[in-house]
Every structure is written in C-alpha cells, then in structure tokens.
Amino acid sequence: LESQVQPKLTALMCTEYPKKLFFSLHRAIKRKNPAVLLPILPLSFVFCYHYDMGYGTLLQRIKEAENILDTLTTLLELPKGPLTFEDLERIRISQSNFFIEK
C-alpha cells in the first residue's frame with residue numbers, strides 16, 4: 001500500500017512547490033523584504049528530492065537500466081554502426097571545407 005501512495009504524495013509535493021514559491025516571491029516583492037526569500041533555498045532542495053523520487057529509488061533505476069542493457073541492446077546501437085576513425089576524418093574534412101569556402 002505504501003508503494004502505491006508514495007508516487008501520489010511525490011506528485012502532490014511537486015505540484016504544491018511552485019505555488020509556495022510564487023506566493024513567497026509575491027510576498028517579498030510586495031513587502032520589499034528580501035528576507036522572505038530565505039525559505040526558497042531549503043524548499044528547492046526538498047522539491048528536487050521529491051522530483052527525483054518520482055522516478056523511483058536509485059536501486060530501482062539501476063535495476064531498470066541494467067535490464068535495458070541486458071535485454072534491449074539493439075535500441076542502444078547506432079543506426080549506421082559504430083563510428084570509425086575514417087568516418088570521423090571524413091566528417092572533419094567536410095566540415096573544414098565548408099568553413100573555408102565561405
């Protein structure tokens with residue numbers, strides 16, 4: 001049950017933070033008091049933490065990445081195969097010719 005509730009709470013935190021940020025900025029501008037902006041720094045860390053947790057824990061993301069590397073290796077290959085030194089030289093020469101002509 002907790003695993004089902006956690007993403008919902010994370011989404012809720014991510015939607016509430018911009019509202020709090022907007023109102024604190026509005027209050028600082030209205031009162032001309034920059035001290036009101038001090039809570040923005042810790043709130044930004046909290047927001048980034050919850051935003052990151054929306055993608056799962058680090059262990060879950062590592063397992064998912066390993067699964068992709070093990071099972072879907074064809075998606076990670078370059079469309080025309082790996083680059084060779086000759087390919088890079090051909091690209092470099094064609095780009096240097098382009099800039100010399102103009």
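1. Helices in this note are DSSP runs of H or I with at least four residues, strands are runs of E with at least two, and both are numbered from the N terminus. The structure is a predicted model, in which local features need pLDDT of at least 70, side-chain atom pairs count only at pLDDT 80 or more, and totals for chains, interfaces and linings use all residues. Residues are numbered from 1 along each chain as its sequence is written, and side-chain values use heavy atoms, with hydrogens and water left out.

2. On confidence, pLDDT is the predictor's confidence in each residue, from 0 to 100. The chain averages 77, and 89% of the residues score at least 70.

3. The largest share of the lining of the largest cavity, 4 residues, comes from α1. A cavity is a set of points, on a 1 Å grid over the protein atoms alone, where a 1.4 Å probe fits but cannot get out, and its lining residues have an atom within 4 Å of a point. The residues that line the largest cavity are Met13, Glu16, Tyr17, Lys20, Leu43, Val46 and Phe47.

4. Domain 1 (1-32) and domain 2 (35-101), whose bounds come from an automatic or database domain assignment, both give residues to this lining, so the largest cavity lies between them.

Note on methods: On a 1 Å grid over the protein atoms alone, a cavity is a set of points where a 1.4 Å probe fits but cannot get out, and a pocket is an open set with protein on both sides within 12 Å along at least five of seven lines; lining residues have an atom within 4 Å of a point.
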